Amino acid sequence: MENKGLTKVDIIFEKIDPKEVLIKAYKMTSAEIIQNMLDSGLKGRGGAGFPTGLKWKYTAAEKEPEKYIICNADEGEPGTFKDREILDRVSTKVHGGMAIAGKAIGAKKGIVYLRGEYRYLLPKLMIELASFHKMIKEIGFDFSIEYKMGSGAYICGEESALFESIEGKRGEPRNKPPYPTVSGVYNKPTSINNVETLVTAMMIINHGAKNFTQYGTKDSRGSKVFSVSGDTPTPGIFELELGMTVQQFVTEFGDGDTKAVQVGGASGFCVPRKKFAETIIGFEGVPTGGSMKLFNSSRSMYNVLHNYLDFFNEESCGQCTPCRVGCQQLLKGVEKVKKGEAKSTYLNELIKLADSMKIAAKCGLGQSVGNAFKSIVGNFREEIIY
Amino acid sequence: MYQVGNLVKELSDKHGRVRESLMPILQDIVQKHNYLTDEAMVEVARELDISAAEVYGTASFYTFLDTQVKGKYVIRVCKTITCSMKGKSEIIQTLEDMLKIKPGETTGDGQFSLIETNCIGWCHKAPAILINELPYTELTPEKVSEIIKDYMQK
Amino acid sequence: MINLLINDQKVSVKEGTTVLAAAKDLKINIPTLCNHDDLCVAGNCRVCVVEQKGARTLIASCATPVTEGMEIHTNTLKVRNARKHVVELLLSEHRADCTKCYKNQNCELQSLANEFAFGEHVFLDLVEDHNYTIDRSSPSFIKDDSKCIRCQRCVRTCSELQYISAISVANKGSHQKISSFHNRPMSHVVCTNCGQCVNRCPTGALVEKTYIDQVWDAIYDPDKHVVVQTAPAVRVALGEDLGYDPGERVTGKMVNALRQLGFNSVLDTDFSADLTIMEEGTELLVRLKKALVDGDKKISLPMFTSCSPGWIKFMEHKYPEFLPNLSTCKSPQQMFGALAKTYYAKKRNLDPSKIVSVSIMPCVAKKFEADRPEMRASGYKDVDYVLTTRELAVMIKQAGIDFRNLEDSNYDSIMGDSTGAAVIFGATGGVMEAALRTAYEIVTGREVPFGNLEITPVRGMEGVKEATIKIEGCVDAWKFLEGAELKVAIAHGLINANKIMKLTREGKAPYHFVEIMACPGGCIGGGGQPIPTNIKIREKRMKAIYAEDVHMVRRKSHENPDVIAIYNDFLEKPNSHKSHELLHTHYVERDNY
């Protein structure tokens, strides 16, 4: 396995002249922009990791004249806060990435769906958006962006739930297919990209795809922003090259007593100390939208698991059976085992349930609840029981 | 309990009267009054020509679109894992002591509501809270009590 | 055509077909729960998951369209385990007091449990964790959240078929529930009591409020004289709950069974349906005269029918400004009720206070209607108890009656005679057809110009139907209508009713007379009819209704001898003072939430 080690990079927040990059993009054809993305190997930075170039290519191929580019700024995964920081510091790059994507797929409208918890950013973003609109108009772009606010619902980060929310409905994920590239918001072809993905796309136009591919590994190209929290002396956000091991990460950020790292948030994977060295952070190992939580030996992994399950119990949209009821059963089940009211072997039944949830739930949330559950119970079984 | 008066009409003029106008309208009502009364929801349903049950169903999906009475200042304390590890309980305790309410309650004078909430995106500066829309981070019991005292003066 | 493999069998289906439907073509049964033929796809229960080769997860067969070369397996171990888990999870949230449940043995969840989750259950019981409410506030139905499995069929029914959305999905996560506006009692919201949700609820979460015991008590009370009336649509659907295929006419057996149950007199709502035609037809002609000849601007047109209590409540909530457009005629049930304790009592020399009036209806809104304060024209509650078709089937079973081997029997006299025009009230378009058969004849002295009296333009399952009847050769009294074109419309299902009301509100409805039934297909698809329901079943019931019409001796309301007799003996003439006292009513404006 490729191991790139831990290297700090400065691309996302790098100082550039956005106008210059946008002029460059404006002069490119849709196909050229998409080819750049395909060549770069960029995968979505929200966590799921769908190749951005393909997403744009599919959306561009749709005949429907009305299309949308959506910036998913519903950053709700516990332990992630990079998108807030990116929007706070370099919103013009986010907007710029949207304009470039718009050009690539043939969309004149962009929507930023910003989570309600970040509303305090809005006044500043509105000012920055106004000057952005002025700038792209000067360049010649026929493109505009509007902001839609969330109101406190984790599930709205799921793309189709986000569309529903924009349309004024409960944020309940849709059946797929159809996929967003065919029928997204307002049932129009839609490319929905994470905040960081859009910035990265703009930087790929700036530096070229080749420059991007020199970072990272075959499966995980480039660098990305990590949100580091938990038991660490240096919490915060860090842009790192992809392809390091968890061990290398812990050496840099740990407090010397790290026993587990939760990679990818509540819906991600728990990596225990004994697997630090063999686990690559990236799509070939543990994928992450950037959430990295460190736990030292003073922490009870039961409490961690309980906290996550409590989170899912509240944040499941509730429409499909495996997720709505499954989350309740997992939570109540581990409580019973902990209290000694159920046999420890009951955990095996819960693991089977988690397996069913992974394959039978309607959306990514319900499917991923099983990840955290299985990796925590699997690695810290004793802590759950005793 | 507030009276909606012309607010819903004005907001419908501003945001439109189609289904996608629903969220911005509800958000703006909450922005102004911190929660939705039944009267407000019925009024919104009338303006948008959708059923009141659907307005309620949609509002009740979103944590911030409260349909129970809320105070002038809504304090949301993050309870997700990092904040929980870094002293959320002490923050809650301090707030309970100062405001004499439990999470989920509103002070008798209608000034403060205390709510526990899921991750608000400040894990690196835990524990964190929101008061209305403003974040306060890296809190200690002392710090939070200073903040609340300021709000009490307002 | 799209080619795919299901369980290694080849199948070709049209593009857009779901995997579920493609499997059905191969006679492969995939269990479903949230899916319903009348409703849009939800894909939320996950009972119908199947394995698709190459897919990371299982797919919901009801929600996934077929693709070329797809390979599906419906019964792998993975599928079985997931399905079993799904059913067990649903059961863990569900108060499974099956032996006490009204839906026992007619419950889709129970059937699934029998197939997939019998024996010891793994999961913890979550019922006690939920603060479930049981809402008994409506006189028509009970909403028991502890039996709800959140399939959302009711929510989709209420919005897609009925436009009302009196209930919606509320909250999220473990608190998600089906709720009225801010959890208000169902009796205090915009709900029309149509019961379409009851027809589609797969469990006992939505059931009619039963009055079976009260009716038994009355039957066994020697002081009481219990009369029963049966609505037109009951006779073509009752059989379904007693082992017959849909579309079987069981009128004669039903009458016999009612007599065996112990009702003192078995009478027919069809009688009062004929009476309704006389009253409503006259009301229409009077309105037309006032509007067209006298130029009276206060006359409200179009006039809407008023037989369907769900429709009436819809108007009271949603379009109160058009209440004057509703015919003032009571529904046939209530006309019958008012006469049972006046005319019938007098004729039979009975003390009206000793009469218990029971109706058998394809409807649950009729229970609400009977409870309305306006419905006490006789000085008593005009209709004491309303039972659904389903409840009657239960009583027949309780009494141990061998229904299949019953002899046919005839209705008792006085308010038992009827015509084909009355029978067709049970299907959408029927009231219109019956009204036209009579009104046309009154005005022109001739039969309606349609072969065998079958006014085909007003028949069928189209959501909104329109027809124009040119009136020619009028008799002297109605000369003012000479050459006029009577424009009529018919809608069934409140979503279609709303289309007409929207037009009316915009001043774009060119009609004189509009028939509206709250339920899809009209009363044959009523909320009190046997479960399940779907378009095929409703079409079979409709066919049976029209067959019933053709087999009647008389097919025009004004020829009903019992109707002629009651005008001679009691009411004088249609829209008389007495008629207004007993057979007409008024409406009230209600809140729109």
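The paragraphs below walk through the chains, their contacts and some selected strands of this predicted model.

The C-alpha trace of chain A extends about 70 × 45 × 35 Å along the principal axes. For 386 residues, a compact globule would have a radius of gyration near 21 Å, and the 21 Å found for chain A agrees with this. Buried residues account for 64% of the 386 residues of chain A. Of the contacts in chain A between residues at least 6 apart in sequence, 73% join residues at least 24 apart.

Chain A is also divided into domains, with domain 1 covering 18-213 and domain 2 covering 301-385. A distance of 33 Å lies between the C-alpha centres of domain 1 and domain 2 of chain A. Contact between them involves nine residues of domain 1 of chain A and eight residues of domain 2 of chain A. On the domain 1 side of this contact in chain A, six residues are nonpolar, one is polar and two are charged.

The principal axes of the C-alpha trace of chain C span about 80 × 55 × 50 Å. As for burial, 56% of the 593 residues of chain C count as buried. When contacts in chain C with a separation of 6 or more are considered, residues 24 or more positions apart account for 74% of them.

Turning to the contacts between chains, chain A touches chain B through 38 of its residues, which meet 30 residues of chain B. On the chain A side of this contact, two or more residues come from each of α6 (159-166), β5 (223-230) and α10 of chain A. The side of chain A that touches chain B comprises 13 nonpolar, 14 polar and 11 charged residues.

The contact of chain A with chain C takes 30 residues from chain A and 30 residues from chain C. Here the elements of chain A that each supply at least two residues are α10 (301-315), α11 (321-339) and α12 (346-360). With 11 residues, α11(A) provides the largest share of the side of chain A that touches chain C. By class, this side of chain A contains 10 nonpolar, 12 polar and eight charged residues.

Two pairings of β11(C) can be followed in detail. With strand β14 (residues 355-361) of chain C, β11(C) pairs in the parallel sense over six bridges. Within β14(C), Ile360(C) stands opposite Thr230(C). With strand β12 (residues 265-268) of chain C, β11(C) pairs in the parallel sense over four bridges. In β12(C), Ser265(C) stands opposite Val227(C). The chain reaches β12(C) from β11(C) by way of helix α7 (residues 251-261) of chain C, and this β-α-β crossover is right-handed.

Chain C also contains an open sheet of five strands, with mixed pairing and the order β2-β1-β5-β3-β4. The edges of this sheet are β2 (9-13) and β4 (59-60) of chain C, each of which pairs on one side only. Strand β3 (residues 49-52) of chain C is joined to β4(C) in the antiparallel sense over two bridges. Ala60(C) in β4(C) is the bridge partner of Val49(C).

Technical notes: Residues numbered from 1 in each chain as written. Chains lettered and ligands numbered in written order. Predicted model: local features only at pLDDT ≥ 70, side-chain atom pairs only at ≥ 80, totals over all residues. Domains from an automatic or database assignment. Contact = placed C-beta atoms within 7 Å. Nonpolar A, V, L, I, M, F, W, Y, C, P; charged D, E, K, R; others polar. Buried ≥ 20, exposed ≤ 12 C-beta atoms within 10 Å, placed from the backbone. Pairing = 2+ DSSP bridges. Right-handed = clockwise from strand over helix to strand, strands pointing away. Rg over C-alpha atoms; globule rule 2.2 N^0.38 Å.
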